[in-house]
Protein chains: 2
Amino acid sequence: REGGMFKVLQVADMHYADGRSTACEDVLPEQVAGCSDLNTTAFLYRVLRAEDPDLVVFTGDNIYGADSTDAAKSMDAAIAPAIAMNLPWAAGIGNHDQEGTLSREGVMQHLVGMKNTLSRFNPEGVEIDGFGNYNLEVGGVEGTLLANKSVLNMYFLDSGDYSTVPSIPGYGWIKASQEAWFRKTSSSLQKNYTSQQPSQKEPAPALAYFHIPLPEFSSFTASNFTGVKQEGISSPSINSGFFTTMVEAGDVKAAFIGHDHINDFCGKLTGIQLCYAGGFGYHAYGKAGWSRRARVVSVQLEKTESGEWQGVKSIKTWKRLDDQHLTTIDSEVLWNRGSNGRGGKDHDRS
Amino acid sequence: REGGMFKVLQVADMHYADGRSTACEDVLPEQVAGCSDLNTTAFLYRVLRAEDPDLVVFTGDNIYGADSTDAAKSMDAAIAPAIAMNLPWAAGIGNHDQEGTLSREGVMQHLVGMKNTLSRFNPEGVEIDGFGNYNLEVGGVEGTLLANKSVLNMYFLDSGDYSTVPSIPGYGWIKASQEAWFRKTSSSLQKNYTSQQPSQKEPAPALAYFHIPLPEFSSFTASNFTGVKQEGISSPSINSGFFTTMVEAGDVKAAFIGHDHINDFCGKLTGIQLCYAGGFGYHAYGKAGWSRRARVVSVQLEKTESGEWQGVKSIKTWKRLDDQHLTTIDSEVLWNRGSNGRGGKDHDRS
């Protein structure tokens, strides 16, 4: 868009069910009357109008299958505002989307058939776990040398629902097949960006979106994140290594999730920002008096002195609250070109 | 051997350098005089005579390269007792073996050329990180139907030395290429064992040996392990997921490491025993008055009522201390056939 900016709005955990007949959870006593899924819809319209994003990303638990009479209808209603406003959107699935009339596979198949979506079912010709593993490429400014190159990469992964290994309780995790696909895709994108004309010095930055927090989201204390941690980190009980995979690949600068509705922080760990969106939906647990919210990511291109748009210069974020003024909070820079990582090794005597 | 038993002696962190001229570390004042690498040699002879293992496994930091004049000579001297006693042995490398006159590659190449070794450099035809990734198969009793099948599998992995990713300080980790090799090997071994005649109901159990602790070694408290934790767990600062890979594969019942010399515990996590050996070598940090030690694993085959030897029934362990009586401590059962895993899922509301 004008000004070399690309804006993504993340909507986490809408928990949409049957619309007007589905009540709100965890709102103030004076908000209970008449509160329903339609409040989620109203918030989505408001924030889309206020932010006018270039892409809307729904990071799972878009619908709350267990309370939905017809999963496809619930999903259509949940996503409707993005479609009505003619915005491109991408979605993944969480651990509740498949609890209704559609399986996980069925939910993802429905999503990829919807209007205006950039969602994809899975990469072709690859054996992969889950549904909704794909990547999107954001081209440079039209008319510039980077018009046909991806200056920003986005990865979407299915973080599963529950463990299927009897000895491991709890949530699912990103599997080796998904990590292998990510690694291969990242490597290829990086190679193209730095080797194909006009060749670039550094790979393009990337963002990752999925539903369930990685165990590394537990690494932070209040002193080293921005936002709030009001509940435990509901990650899987074992670590399948996707954080390490991202660090090794090097292009992902920030990973965005949902799942825990009343956590909304971003914290930086070994060069990668780990960010919650905070819960969006009204038929989802929350905290009465603590506004439902959405996360915005704003990606800014660099401009040469001669006025030519280049690759990405910085990635910023903030959140929008569903209060009277759609208050913007916790605005921060997630990444700046040239500020990668940290050096040094800690050796001990072992 | 007689009685359907197979015994493995693990020797961790010998830190061998120049023999007689290399002094002991962390011994009692009255032990200092005349104490050298030769005490390590003497201990190895003693424990080999006492246990008479079927296999000796050296899990890295076999030599302390920085203090070694000639890495090959140091390694020869370190391993010599096993060779002199004509015992088969297998070795991996740690984070100190390469600090002398040989590179990591060079150390592993030297090891695979030594007498009586079952060590291998790396699997053939596979691109893999590190040096010394291989597996060994232990056949059933000769003359029985299982004579030509592997009733016990052993995996050896190179857990690296130090991180090469600038943003990540500290120790190295098991890489995706190694996990992929392990997964493929384990899957193939399990398939053969359960499908080829005489087909078996359950896959054969397996043991894994490497040097650096996985991050999951930090999961235990004194109430749920056997042995001692007297220092921090020096695992890499990120989790590359090898523990999850082992849990998913299902055959590894116990993983054995070294690296932290004054930890010697075993703790069970989601069906896998994670075991330290405790430090063996005298030219290695330790704790004065706390004996150098080695870990024994005893694998027992099952016998039918008609007297035919079957697959593995149980895996036990204990440690031997380098004290006057070569005291045996912390004897425990690591695994029994039919005692796999635990059930149940913990769901929460996210």
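Analyst: Leaving aside residues up to four places away in sequence, A:Asn263 touches A:Val228, A:Lys229, A:Gln230, A:Glu231, A:Gly232, A:Ile233, A:Tyr276 and A:Gly278. The model is a predicted one. A:Asn263 is placed in the loop between strand E8 (252-257) and strand E9 (266-269) of chain A. Its relative accessibility is 0%, and because the limit for a buried residue is under 20%, A:Asn263 counts as buried.

Two of the neighbours also make polar contacts with this side chain through their backbone. A polar atom of the A:Asn263 side chain lies 2.7 Å from the backbone nitrogen of A:Gln230. For the backbone nitrogen of A:Glu231, the distance to a polar atom of the A:Asn263 side chain is 3.1 Å.

Over all chains, the aromatic pairs number 28. One of them is formed by A:Phe43 and A:Phe280, which are stacked, with 4.2 Å from centre to centre and 15° between the planes. This pair links distant parts of the chain, 237 residues apart: A:Phe43 lies in helix H2 (residues 37-51) of chain A, and A:Phe280 in the loop between strand E10 (272-276) and strand E11 (293-303) of chain A. Both A:Phe43 and A:Phe280 are buried.

In chain B, B:Phe217 and B:Tyr276 form an edge-to-face pair, with centres 5.2 Å apart and planes at 70°. These two residues are 59 residues apart and again link distant parts of the chain: B:Phe217 is in the loop between strand E6 (206-209) and strand E7 (225-226) of chain B, whereas B:Tyr276 is in strand E10 (residues 272-276) of chain B. The relative accessible area of B:Phe217 is 0%, so this residue is buried. B:Tyr276 is likewise buried, with a relative accessible area of 0%.

Aromatic rings of chain B also receive charged groups. B:Arg293 places its charged end over the ring of B:Trp290, 3.5 Å from the ring centre. The charged end of B:Lys175 sits over the ring of B:Trp173, at 5.3 Å from its centre.

Methods. Residues are numbered from 1 along each chain as its sequence is written. Chains are lettered from A and ligands numbered from 1 in the order in which they are written. This is a predicted model: local features need pLDDT of at least 70, side-chain atom pairs count only at pLDDT 80 or more; totals for chains, interfaces and linings use all residues. Side-chain values use heavy atoms; hydrogens and water are left out. Rings of Phe, Tyr and Trp (its six-membered ring) pair if their centres lie within 6.5 Å; planes under 30 degrees apart count as stacked, over 60 as edge-to-face and the rest as tilted. Helices (H or I, at least four residues) and strands (E, at least two) are DSSP runs, numbered from the N terminus. Buried means under 20% relative accessible area, exposed over 50%, partly exposed in between (1.4 Å probe, protein chains only). A charge sits over a ring if NZ of Lys or CZ of Arg is within 6 Å of the ring centre and within 35 degrees of the ring normal. A polar contact is a pair of N or O atoms within 3.5 Å; within protein, one must be able to donate a hydrogen and the other to accept it, and residues adjacent in sequence count only if both atoms are side-chain atoms. Contact means heavy atoms within 4.5 Å.
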